[in-house]
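Visitor: Could you take me through the charged pairs and the helix packing here, one step at a time?
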Amino acid sequence: MTVRVAAPVEDVFAVLADGWGYASWVVGASRIRKADEDWPAVGARIHHSLGPWPLLIQDVTTVVAADPPRRLVLDARMWPLGSARVRFDLAAAGDRTDITMREVATGGPLALLPIAAQCRLIAPRNRETLDRLAHLAGHRGERPTG
């Protein structure tokens, strides 16, 4: 899934690189308990909670690969529901950025489905995730008024 964002690549990657901001754009993440100081370095982790209180699931997301500001690959866990490999590729399109997000279940019930079926099931969630990411990147550095 790809979206075009009205922001430069560096601003989009800055949102991805803010571990404490992860819950503001990842659908389902409700809060961050801890973000490693070296996020998004390979091996760095975000300790997060998923779901509504009091049914919170505590888990982690780990950086698998990073090539700032062009690519970030994550191992996102949400046990007992499963885990997924999530890849963000950023490409400059003039003063805008094309963000391509790919997610494939690597564990849990969704991993039993063919990738095409996985993509159809998670498409609405990933569309909202990309919309939130685009919104944050497009307003990066703005200060509230009033």
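Visitor: By about how much of the helix are glutamate 128 and arginine 132 separated in helix H3?
Guide: In this predicted model, the side chains of glutamate 128 and arginine 132 meet in a salt bridge, with 3.0 Å from N to O. Because the two residues are 4 residues apart in helix H3, their separation is about one helical turn.

Visitor: Is glutamate 103, the salt-bridge partner of arginine 125, buried or exposed?
Guide: The side chains of arginine 125 and glutamate 103 meet at 3.1 Å, N to O. Arginine 125 lies in helix H3 and glutamate 103 in strand S7 (residues 96-107), so the pair ties together parts that are 22 residues apart in sequence. Arginine 125 counts as partly exposed at 29% relative accessibility, whereas glutamate 103, with a relative accessible area of 9%, is buried.

Visitor: Which residues do salt bridges with shared partners join into one network?
Guide: Arginine 87 forms a salt bridge with aspartate 89, their closest N and O atoms being 2.8 Å apart. Arginine 87 is partly exposed at 32% relative accessibility, while aspartate 89 is buried at 17%. Salt bridges that share partners make one network of Arg87, Asp89 and Arg102.

Visitor: At roughly what angle do the axes of helix H1 and helix H3 cross?
Guide: Asp11, Val12, Val15 and Leu16 in H1 meet Leu133, Leu136 and Ala137 in H3, a contact that by class has 6 nonpolar, no polar and 1 charged residues. H1 passes H3 in a right-handed crossing, and the axes of the two helices come within 9 Å and cross at roughly 115°.

How values were computed: Residues are numbered from 1 along each chain as its sequence is written. This is a predicted model: local features need pLDDT of at least 70, side-chain atom pairs count only at pLDDT 80 or more; totals for chains, interfaces and linings use all residues. Side-chain values use heavy atoms; hydrogens and water are left out. Axes are lines fitted to C-alpha atoms, for helices over the stretch in contact, and angles run from 0 to 180 degrees between N-to-C directions. A crossing is left-handed if the near helix is turned anticlockwise from the far one by less than a right angle, and right-handed if clockwise. Contact means heavy atoms within 4.5 Å. Ala, Val, Leu, Ile, Met, Phe, Trp, Tyr, Cys and Pro count as nonpolar, Asp, Glu, Lys and Arg as charged, and the others, Gly among them, as polar. A salt bridge is a side-chain nitrogen of Lys or Arg within 4 Å of a carboxyl oxygen of Asp or Glu. Buried means under 20% relative accessible area, exposed over 50%, partly exposed in between (1.4 Å probe, protein chains only).
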